[in-house]
Amino acid sequence: MLTIKKRIAEQIVSGVRTINADAELSVNDVAAMLEYPPDPNMGDLAFPCFKLSKTLRRAPAQIASAIAEHFSDPAVSRVEVVGGYFNLYLDGEYLTCHLLSEVSLKKDRYGSPANGDGRVVVFDYSSPNLAKPFHIGHLGTTVIGHSLRRLHEFAGYRCVGINYVGDWGTQFGKLIVAYKKWGDRETVENGGVDALVDLYVRINNAISGNEELGIPADPALADEARAEFCKMEQGDEENLALWRWLVKLSLKANDEIYAQLGISFDSYKGESNYTNEMPVQVQKLRDAGLLKLDDGASIVDLSEYNMPPCLILKRDGSSLYPTRDIAAAYDRKQLYDFDKAVYVTSAGQSLHFAQWFKVVELMGYDWADKLVHVPYGTVSINGAKLATRTGNVILLRDLFALATEKVAGIMEEKSPNLQDKDKIAEQIGVGAVVFYYLSNTRMKDINFVMEDALSFEGNTGPYVQYTYARACSILARAEQPVGGKLVITAPEETALAKILSMFEEKVTEALETYEPSVIARYILSVAAAFNRFYHNCSILGAENEQVRATRQMLTEATKTVLGNAFDLICLKKIEKI
C-alpha cells in the first residue's frame, strides 16, 4: 500500500502545481496526509484538501477539482470530489495483484520497513527483582519489551535483549535477616521461590507490624536488613554466599515462565555486576562538581530542571538505583555502542528515569540523548493494587496454568483426537493472557479481570489463533493453484486485500510510537476481514479455477501476514486446533 500511496501522492503534487507551480509540497508529506475513510462508500483513500487551503489561497473544493482533473493511476478505478475531499476508489484486481506479488516475494519479511540498517538497539526489559515471584505485574515490561524488540528486529535493527535483574539491594538484606531468624536450607531448597516469598512477607510484617495477625511492629529489623546489605556491598563472604544461592533459586523459577512465553535474552547482567563500576561513575560526578551532600547522603541537585534531587549514595555509602543504572548504561555503551537504549518499565518509574537521564547528560556523555524510557500503565486485580510484600499477587505460573486448563477442556470437547493437545492448550492459554494485555494501549491502566482475560469469544487471542489455524486448514486441503489472471468477484476479496496491504504501515506506526497494541488491533482487523471473506466467498468450491486460485492466494497471504504479525507480539502460530 505504501508504494501505491506514494504514486498517488505524486499525482496529487502534480495537480497542486497546476494551481501554484511554486508550491512547496513534498510527496512524502502528501502521502502522510492520505486518510482511510471510516466508511468505504467514501472511498478507499481520501486526501483532505483543506490542509492546503491556506497555503494555496484556494477553497478546498477548488483544490480537489484541480487534482481530479489530471489524475490517472492504474491502482485507482475512479475518483470523486466531495466538498474539500478528494476521494479515491482502488481497483480491486490491481490492489490484489500488487499485494500477492509482494507477499510472494518477501514472505516472512513482508511488512518490514527495513529501515534499521543494522543499527544497534539495546532493550532493557522484564528485569524482575529476584527472590520474589514472577507475577502479573511483571507481564507488562516482559511482553511489551519483547514485542518492541521483535518489531525492531523485523525492521532490520540489531537488537540486544538485556534482563537487568534486580539481584542487589536492601530486599536481600531483608531476606538474609529473615533466613537467619526463621529459615533453613532444606525448606527453602524444596520450596524454591515460594519459600523466599514466605520469608519476605514475614520480615515485612515483622518490620511494619500486622494487627490482623497480631504481629507487633519492630522497626529495628529494618536497620538489621540495611546492615546486612551493607555487609554484602563490603564483600562479606557469608552474606554473599547466601545471596548467590537465593539468586540461583529465583532465576530457575523465572526461566520456566520465559520458556512458556518463548522469550530469551542476550544478557542477564544484573545490578550486582556493577558494584565495581559504580565508584568510577560516582568519582566522575565528584570531579564534575555535580555531587553534593544532603543530610549525609550524596545527591545531584536537579532543581534547575524542575525535578527533585537524584540520590546517588545513601548516608552509609551504599548505592541506589540511579547509581547502578548510570554504571550499567555506561557499560552497555562500551560493549554495544548502541544507537538507542530502550528501557521498558511502569509509568511509576518515569521520574526516576528522567532524573538519571538528566544526570548522564550533565556528566557530559554524548549518548545521553539516545536513552529512551517506554512507560506503561499499572495493573490491578479486580481493582486491588499489587504488593509482593503483603502477598497480594497473582502468579503468572498460576494464571497460565488456569488458562491452559480452560483451553484443554474446550479442546477435549471439540477436538478429542488432536495430537499434542497439551502443548497446544498451553500455547493458546498463554497466548490468551498475552494478547489480552497487548491489545490494550500501553499507557492504559489495566484492571485484570480473570473472566475477561480468559474469554474465548470476541476480540481475543484464541479467536485470532483459530483464524490462523483456519487459513492453514484450507491451504492443507487445497490443490496447487493454476496460473493466469486474478479474478475479483466479491467486495470481501478487495476488503481483505486492502487490510493485508496495510501491514507495513502498522509496523511503522508501532515502531514510531513504541506501541505493540497497534499490531494486536491490526491482527484483529485482519482476522475479521478474513472471516467475512471465508463465510461469504467459497474458497475451495469457487465457481471456476481462476476465482479459486485468487481466493487460495488471498488465504495464503492472510496466513503469511498473520504469522508475521504473531511473531511481533509473542503469539504462537498453531496450524491445527
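Predicted model: local features only at pLDDT ≥ 70, side-chain atom pairs only at ≥ 80, totals over all residues.
Helix α5, which covers residues 92-106, packs with helix α22, residues 545-568; their axes come within 10 Å and cross at roughly 50°. The two helices α5 and α22 are therefore oblique to each other, and their crossing is left-handed. On the α5 side the contact involves Thr-96, Leu-99, Leu-100 and Val-103, which meet Met-553, Leu-554, Ala-557 and Thr-560 of α22. Of the residues in this contact between α5 and α22, six are nonpolar and two are polar, and none is charged.

The axes of α11 and α15 come within 10 Å, and the crossing angle is roughly 40°. The crossing of α11 past α15 is left-handed. In this contact Ile-257, Gln-260 and Leu-261 of α11 meet Leu-396, Arg-397 and Phe-400 of α15. The residues of the contact between α11 and α15 comprise four nonpolar, one polar and one charged.

The pair α20 (residues 503-513) and α21 (residues 517-536) packs at an angle of about 155°, and the axes are 8 Å apart. Angles over 145 degrees count as roughly antiparallel, and α20 and α21 are therefore roughly antiparallel to each other. Helix α20 contributes Phe-503, Lys-506, Val-507, Glu-509, Ala-510 and Thr-513 to the contact, while α21 contributes Val-518, Ile-519 and Tyr-522. Six nonpolar residues, one polar residue and two charged residues make up the contact of α20 with α21.

Empty space in the model is considered next. Rolling a probe the size of a water molecule over the atoms shows where such space is left. The second largest pocket has a volume of about 410 Å³. This pocket is lined by 17 residues, of which Lys-414, Tyr-463, Tyr-466, Arg-470 and Ile-577 are the closest to its centre. Two elements, α15 (396-414) and α18 (461-477), each give two or more residues to the lining of the second largest pocket. The most is given by α18, with six residues. The lining of the second largest pocket consists of seven nonpolar, five polar and five charged residues.

Three cavities of 30 Å³ or more are found in a search of the whole structure. The largest cavity holds about 60 Å³ of space. Its lining is made by Ile-144, by Tyr-437, Leu-438, Asn-440, Thr-441, Arg-442, Lys-444 and Ile-446, and by Glu-515, Pro-516 and Ser-517. In the lining of the largest cavity, five residues are nonpolar, three are polar and three are charged.

The second largest cavity has a volume of about 40 Å³. Gln-260, Leu-261, Gln-427, Val-430, Gly-431, Val-434, Cys-570 and Lys-572 line this cavity. Two or more residues of the lining of the second largest cavity come from each of α11 (237-261) and α16 (421-438). Helix α16 gives the most, with four residues. The lining of the second largest cavity divides into four nonpolar, three polar and one charged residue. Gln-260 and Leu-261, which line the second largest cavity, are also among the residues of α11 that meet α15.

Key: Residues numbered from 1 in each chain as written. Heavy atoms only, no water. Axes fitted to C-alpha atoms, helices over the stretch in contact; angles between N-to-C directions. Parallel < 35°, antiparallel > 145°, perpendicular 65-115°, else oblique. Left-handed = near helix turned anticlockwise from the far one by under 90°. Contact = heavy atoms within 4.5 Å. Nonpolar A, V, L, I, M, F, W, Y, C, P; charged D, E, K, R; others polar. 1 Å grid on protein atoms, 1.4 Å probe; cavity = no way out; pocket = protein on both sides within 12 Å on 5 of 7 lines; lining within 4 Å. Points joined across faces, edges and corners; volume = space filled by probe spheres on them.
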